[in-house]
Amino acid sequence: MIFFVWATFVALSNLPTRIEALQCLRCSDTFEPRLCNRIEACNKGEVCGVRLYRTDNGDTSFWTGCMSSLDCTKTVNRTVINSKRDGSSHIPGVVLCTECCVGDLCNSEGCGAVGYPTSRGPLCYDCRDIHAPHDCHKIAPCSSNEKCLVEERTVFGQRYFTSRCEHGQTCESLALYPSAFGRRRAVGDKCHQCCHGDLCNNNCNLGMAQHTNGVTASSTAQTVRSTTSAPVSSNVAFFAKTTLVSSSGRIIFNQTSVNIGGGYNAGSGLFTCPHAGIYMFAFGIDSHGYSVQTYLTRNGRAVGVAAITDPKMSSIDDSSTAFAVLRLNTNDEVVVQRDGSQDPNNGFFAGWQISPLDIDAVAFTVALNTSSYSSSQIPFNSVTYDNRGSYQSINHSFTALESGLYVIGLTGEQTRGQYGDLGIQINGNTGLNTFADSEGIHSDSSASLAVFNLNSGDNVRGAGSHFVGYRGTTTFSAYKVSNRSMPAFTALLSSDTSSTNIVFNDVIVNTHHDYDHLTGEFTCSVPGTYLFTWNAVTNGHSLRTRLVIQIKGGSHIDALDIVGEENKGDEYDSSTGVFIYSLNSGDTVRIVKITGTVEGGYSSFSGWMLF
């Protein structure tokens, strides 16, 4: 395939910068939330909200905006809905429904109103002649053949920026033939660029990866026109564990075992994207006797996934794990942030590139943002990221468009005494199960991540009742592995075990037969960088499990411990670990039990080669 590549670099270092916050739709009186065309940045401790209310004259309307997360659990009858943050104007009315969510523009739906359609064009910033692109707070829905544009002009010696929708063919012509749109621009001159993706046109950094039809723009120091094949992106993967917490609440995982691509900084806890692309992240924390709340941010903005521990007693351990698929541009920054004053005891942070920026890559993360639901299927209704429109919000499921290996992650949180299975279902059958078990006022979370071999048309969904929305702890993620011939396996534990060596004996994927269901060991046959993940459930025990690597003819590596604890025989706790490491032929990997008993039917072990 032949690609045309045009790139330029524009220095705009004198433009002001800012730390991004959660972006929510902001309207006081709208017929449908998704018709709101203004947004606002939330303060710390706020989430996106939707309220359906009836005014004094009997009309019903919607309010959307940022609201305190504490208000999400309150039952409100008569209230006053402020139309301005300073309260200088208000609309009196009776609130009929309040719903909250975490994720940019997630309040486009709620209280019975449908959100943005799955198949649509991008949502773009839409402002004229403002002093900086990020000063724009109006948006517009573009058609499916349009991109987002940001451009600059100088009037009376002052720089002004305009953001809007632009036809895709115009964007392609702009990239290939810039001189057709006025004088040829030199390096460091005015900005005029298109991009693809919701709200992508809020800056003029041409290092930001852009999409046009058949055109890719990337950051270089000169203008280039080429007819050579597109370069293959460098591999990126990192893993770090143990935790320190900075004064700003950033969690610093300061022991790095893998840092391919050099994106992770163990001193600051910051992952800086070295190559634009689609990435998946996993992070986990544990605490002893107190609750800890953490969440993932991109460029300072919460992305809508969280890991929260909540031990029921001061003598109990608890752990929590979260996943997210994100589209990153070069130099985007991803960190795990603490919310509150309590610090985790330990934890891990991992990230890996799924693919370069590729419109054909199947990858998504969706979250549950509803107060309750009645079915046994989890109605994930807030899209964090969906590269190909793969997730079907109408039936809350994902259908494989082609056969291959797919990585699927599921997280869920129960609270207020609720408990139950959390299952990955394939064509209505449970492919992998774990368990969440809350007690009293305390919550409990569970997570599973595994690779599956799907056929074209296979339907996948998250199953479970009474799971909690709003907090970013109930999520569904998936992506297609680009090379289905990669070594990969998933195995389940069919019965309880207290043996030191845990043998996951029920194999459901084993592409190269590298996993031995009789010994529980994975033996590397193809050198490369691998990801391993396991989920261990206990019933009435203090459980600690560990991933162990034996280097052929060499050292023994205790890679990562995860913990879970319950002190009653009829109560369950779940713990999930993720580890990335580069292996050579003959190296082996297994899961061992340090203390406790592992519950069969709910525990699993999976791994696959990243590159």
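This is a predicted model: local features need pLDDT of at least 70, side-chain atom pairs count only at pLDDT 80 or more; totals for chains, interfaces and linings use all residues.
Okay, so who does Cys-106 pair up with? Its disulfide partner is Cys-101, with an S to S distance of 2.0 Å. Cys-101 is buried as well, with a relative accessible area of 4%. If you look along that bond, the torsion about S-S is about 90°, so we call this disulfide right-handed.

Let me show you a couple of others. Cys-127 is joined to Cys-136, S to S 2.1 Å, and both of these cysteines are buried. The torsion for Cys-127 and Cys-136 is about 80°, so that disulfide is right-handed.

Then there's Cys-142 with Cys-165, where the sulfur atoms sit 1.8 Å apart. Here the torsion is about -80°, so this disulfide is left-handed. It also links distant parts of the chain: Cys-142 is in the loop between strand E11 (139-141) and strand E12 (146-155), while Cys-165 is in strand E13 (residues 158-167), 23 residues apart. Cys-142 counts as buried at 7% relative accessibility. Cys-165 comes in at 19%, so with the cut-off at under 20%, Cys-165 still counts as buried.

Right, on to charges. Side chains of opposite charge can pair when their charged atoms come close. How many salt bridges does a search of the whole structure find? The count is 15.

One of them pairs Asp-126 with Arg-128, with 3.0 Å between the closest N and O atoms. Both ends are partly exposed: Asp-126 at 22% relative accessibility, and Arg-128 at 49%.

Another joins Arg-159 and Glu-152, closest N and O atoms 2.9 Å apart. Arg-159 is partly exposed at 21%, whereas Glu-152, at 12%, is buried.

Next up, Arg-471 and Glu-413, with their closest N and O atoms 2.8 Å apart. Arg-471 is in the loop between strand E38 (459-463) and strand E39 (475-480), and Glu-413 is in strand E34 (residues 404-414), so this pair ties together parts that are 58 residues apart in sequence. Arg-471 is partly exposed at 36%, but Glu-413 is buried, with a relative accessible area of 2%.

And last, have a look at Arg-544, Arg-546, Asp-558 and Asp-561: salt bridges with shared partners join these residues into one network. That's my tour, thanks!

Notes
Residues are numbered from 1 along each chain as its sequence is written. Side-chain values use heavy atoms; hydrogens and water are left out. A disulfide is a pair of cysteine sulfur atoms within 2.5 Å. Buried means under 20% relative accessible area, exposed over 50%, partly exposed in between (1.4 Å probe, protein chains only). Helices (H or I, at least four residues) and strands (E, at least two) are DSSP runs, numbered from the N terminus. A salt bridge is a side-chain nitrogen of Lys or Arg within 4 Å of a carboxyl oxygen of Asp or Glu.
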